Structures are given as structure tokens and as C-alpha cells.
Amino acid sequence: MTSRAQVRRLLSLVPYLREHDGVAMADVAAAFGINVKTLREDLSVLWMCGMPGLAPGDLIDIDMDAVDGEGVIHLSNADYLTRPLRLSADEALALVLALRTLRGIAGPGKRDAVDRALKKLEAAAGNLPATDQATVAVTAARDDIQARVNDGLQRGKRLDLTYDVASRAETTRRMVDPLRVFVLEGYGYLEAWCYSANALRTFRLDRIAAVEVTSIDVAPHVTLELEPWAVWVAEYYPTEAASARPGGGLIVTLHVTDPAWLRSLLLRLQGGARVLSPEGAGNSAAEAAQEALEQYAVLLGAAART
């Protein structure tokens with residue numbers, strides 16, 4: 001798994017183990033949706049964690065003999081991680097602002113969920129005047145347009161977009177594959193693959209005049225099998241799914257809109273990734289690599305003759 005996913009898991013794992021002393025390895029692995037091998041690796045990391053000082057009495061204590069011999073976990077000297085986490089004023093304010101920003105680009109049917117999350121967060125944060133004074137203004141699309149854009153995103157469907165291009169004072173119609181909705185400097189945007197431009201484009205939501213969700217699926221996702229030394233791809237690029245690979249490495253699914261980007265990535269990894277699906281998605285990279293090898297052979301031959 002990625003390092004970020006492991007850190008999140010470890011922070012939840014310690015309180016769980018403190019509440020379930022002597023629990024079986026298999027039960028813990030099932031509870032966290034991982035295999036026993038990954039859990040054993042997590043315990044090896046935890047064994048070297050603790051309070052500043054890093055003396056033996058500062059580190060989390062795990063009975064590794066019981067882990068490897070009996071298949072059960074006994075963890076101690078980690079009481080400081082069993083206390084409930086408290087949000088600082090700055091953390092609470094950042095989360096409140098993020099949720100209020102999200103509300104600005106959420107469809108009408110999603111705002112109730114955001115409002116409920118806001119109420120829970122504000123209650124958990126306590127009496128923090130800064131959260132009451134924090135306001136967010138987001139310029140987004142009309143409710144009906146926002147709902148259709150979000151529907152296309154959620155269901156992975158191509159959008160038939162009518163867009164007002166401010167720089168050319170004209171209205172255009174184009175087919176796009178939606179990738180994400182985000183907010184920048186108070187405006188909501190849709191990032192999508194535009195088939196008219198044959199490139200990635202960003203559309204301001206308030207300039208979308210009309211939109212229809214088509215029955216066409218967005219461009220196919222690409223599934224890669226990564227060698228252990230290439231798992232940085234899952235941390236560096238947004239992935240839609242990631243699972244551990246037997247013997248190390250990962251199997252990841254990415255949304256690829258530009259074949260040239262995928263070809264460049266595969267060449268950069270130099271055999272560290274294999275395309276599992278769709279069939280043929282990695283052919284151009286293989287052909288480019290073969291062509292490079294042939295050119296290299298030609299250069300070597302010319303050098304030998306001179």
C-alpha cells in the first residue's frame with residue numbers, strides 16, 4: 001500500500017490493538033481489509049515508533065514472539081495514542097472552510113450531507129468563534145447544471161457541454177469526459193478531457209450555459225501492475241483503486257485521458273509497470289522502446305565501423 005495509506009492505518013491500528021489485547025492476526029487483518037503479511041509489516045513499523053528520545057522505554061512495545069509464534073498481538077507502552085484526538089482551532093477552521101467551499105460546488109442533493117457534516121464538525125470543535133466568522137463565497141453553476149455535472153462525474157458518463165468562451169465572446173458546444181470539480185480563487189471549475197480540442201481543458205462552472213449527461217462512458221481507465229520500486233506512481237498521481245500485489249508492488253487503476261502521457265510514464269518506469277487493461281494500451285510505449293533500441297544498435301554499429 002502507499003505510505004499515506006499505511007500511516008492512516010497505523011493511527012487507527014494502535015487504539016484498536018489497545019482495546020483488543022491478544023487478538024489474532026487474522027482477525028485484525030480482516031478488520032482492516034489487509035492481508036496478514038501487510039499487517040506483519042505494519043507491526044514492524046510500529047515497533048520502531050514512539051515518543052521523542054527513541055530510548056527503549058520511549059518506543060511502542062509489541063510482543064513479536066507472540067506475533068510470530070502464536071499469531072496473536074500484545075501491544076503496550078502506547079497509552080498516549082489511545083486518547084481521543086482533539087482539533088486545534090486552526091485545524092477546525094480549515095475543515096469548516098473546506099466543507100463550506102465544497103458546499104458551493106455540490107449538487108442540490110448533496111448539500112444536506114455537507115450541512116450535516118458541518119454541524120458535527122462544529123459541535124466537535126467546540127466553541128470556536130473563528131468558525132462562526134469564517135465565510136466562503138464560491139461562484140459556481142446553476143443548481144440544475146451543477147447536478148448534471150456531478151451526475152456525469154459520479155456515473156462516469158460523457159457530458160454534452162454548451163460553454164460561453166469569455167476570451168472569444170462566443171458560445172461553443174463540445175463533448176467532454178469529466179475528471180473532477182474544484183474551486184480556485186472563489187470560482188468553481190470543471191476539469192475534463194475535451195474532444196473538440198483533443199486536450200485537457202478547464203471550464204468555469206458559471207460559464208456553462210447548458211449540459212446533458214450522455215449514455216457514453218468516459219474514456220477507459222488503465223490498470224497497471226507496479227513493481228515494488230515503482231509504487232511511487234500511486235503516491236504521485238491520483239489513483240482510483242490500489243491493491244497489494246503478491247510479492248510486493250501494487251496494482252493500481254488510473255483515469256488516463258492522454259495516451260501520450262501513459263506512453264511517457266511507461267517508458268520512464270523502464271519495465272517497472274505492466275499494463276493489465278485495456279488490451280493494447282501499452283503498445284505504443286513498447287513500440288517506442290523497440291524503435292529506440294534499434295536506433296541505439298545503429299549508432300553502435302556506426303561507432304564500431306569508425
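This short talk goes through charged side chains and salt bridges in the structure above.

The model is predicted, so local features need pLDDT of at least 70 and side-chain atom pairs count only at pLDDT 80 or more, while totals for chains, interfaces and linings use all residues. Residues are numbered from 1 along each chain as its sequence is written, and side-chain values use heavy atoms, with hydrogens and water left out.

I start with the total. A search of the whole structure gives 16 salt bridges, where a salt bridge is a side-chain nitrogen of Lys or Arg within 4 Å of a carboxyl oxygen of Asp or Glu.

Take R40 and D68. Their side chains form a salt bridge at 2.8 Å, N to O. This pair connects distant parts of the chain, with R40 in helix α3, residues 36-46, and D68 in helix α4, 28 residues apart. R40 is partly exposed at 26% relative accessible area, and D68 is exposed at 52%. Here buried means under 20% relative accessible area, exposed over 50%, and partly exposed in between, with a 1.4 Å probe and protein chains only.

Next, D217 and K157. The N to O distance in this salt bridge is 2.5 Å. D217 belongs to strand β9, residues 208-217, and K157 to strand β5, residues 157-165, so the bridge ties together parts that are 60 residues apart in sequence. D217 is partly exposed at 48%, whereas K157 is buried at 16%.

Now a pair within one helix. D144 and R148 form a salt bridge at 3.7 Å, N to O. Why are they separated by about one helical turn? Because they are four residues apart in helix α8, residues 143-155. D144 is partly exposed at 32%, and so is R148, at 31%.

There is also a network of salt bridges, which links E225, E227, R245 and R274.

Last, the surface. D61, D63, D65 and E70 gather in a patch of negative charge. Patch members have over 30% relative accessible area and no salt bridge; like charges are joined within 9 Å, and nonpolar side chains (Val, Leu, Ile, Met, Phe, Trp, Tyr) within 5 Å. The place of a charge is CG for Asp and CD for Glu. D63 is partly exposed, at 35% relative accessible area.

Technical notes
Areas by Shrake-Rupley, 256 points an atom, 1.4 Å probe, with all protein chains shown as cover. Lys, Arg positive; Asp, Glu negative; His and termini not counted. Helix = DSSP H or I, 4+ residues; strand = E, 2+ residues; numbered from the N terminus.
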